[in-house]
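Please look at the sequence and the structure shown here before reading on. The report that follows describes a predicted model.

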Amino acid sequence: YDQQQQQQQQQQPPPPPNPYNTNNNYGNQNNYIDPDMYQRLLYDLDESTLREMTLTHELHNLTVQMESLLIRTDVLTERLADNEANFNFVHNRNIELDANCTELTARVSELQSQMETYEAEKARYTEVDKEKEKTMKELREELRKVTDELEQLACLVETERFEDEKSKYLENLKKKQKQNRKKRGFWSWLFGFGPD
């Protein structure tokens, strides 16, 4: 029996290498495992372990990326909130400026209307001034004519007065001479004797 068992052990293939230091009892016929299956199981175990390590590493990387993304999300959320606040401020400021522009536009339109009214009044006053200037020119011309007439009339009056005084003087002179002739006689008057 022992000899037969030794022959069977010699006919059995050698055990496969054991990189994982597992205890394999190939000598025991009751615990016999197929070597190919055993190698496949070890290969599958290696693949699973490597896959697990890869997935763990990828999960770690994804976790780090997710934390970085969460931080960036928080930063972007704060920036978004700030931008929304700035946008609301600028929007409200633009609404206020638009209202001010509308008010200023209305004010400008009102001032333009007033300027047009003033320009029309100025043109009317200019026309009135021209008419007044024309009237004053006519009045000056009339005054000059009247003044000339008054001067001529004054000259005539003065001439008349002078002529009247001259006439009176000559008349008085004649009267005096006549009276003297009566007093001195003919020869005295003729030769100039006696008082004048």
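## Charged pairs along a helix

Asp-164 has a relative accessible area of 39% and is therefore partly exposed. Its salt-bridge partner is Lys-168, and the closest N and O atoms of the two are 3.4 Å apart; both residues lie in helix 2, four residues apart, which is about one turn of the helix. Lys-168 is likewise partly exposed, at 47%. Side chains of opposite charge can pair when their charged atoms come close.

| Lys-168 and Asp-164 | 3.4 Å | four residues |

Glu-165 is partly exposed, with a relative accessible area of 41%, and Arg-161 counts as partly exposed at 38%. For Arg-107 the relative accessibility is 40%, and for Glu-110 it is 40%.

Helix 2 covers residues 35-191 and also holds Leu-150, a residue that is exposed, with a relative accessible area of 52%. Together with Val-146, Leu-153, Leu-156 and Val-157, Leu-150 forms a nonpolar patch on the surface, with about 450 Å² of accessible area in total.

Taken as a whole, the protein chain has two helices and zero strands, and 5% of its 196 residues count as buried. The average pLDDT of the chain is 79, and 74% of the residues score at least 70. Over residues 7-16, however, the pLDDT is below 50, and this stretch has eight contacts in the model beyond near neighbours in sequence.

How values were computed:
Residues numbered from 1 in each chain as written. Predicted model: local features only at pLDDT ≥ 70, side-chain atom pairs only at ≥ 80, totals over all residues. Heavy atoms only, no water. Buried < 20%, exposed > 50% of the residue type's maximum accessible area, 1.4 Å probe, protein only. pLDDT = per-residue confidence, 0-100. Contact = heavy atoms within 4.5 Å. Patch = residues over 30% accessible without salt bridge, like charges linked within 9 Å, V, L, I, M, F, W, Y side chains within 5 Å. Areas by Shrake-Rupley, 256 points an atom, 1.4 Å probe, with all protein chains shown as cover. Salt bridge = Lys/Arg side-chain N within 4 Å of Asp/Glu carboxyl O.
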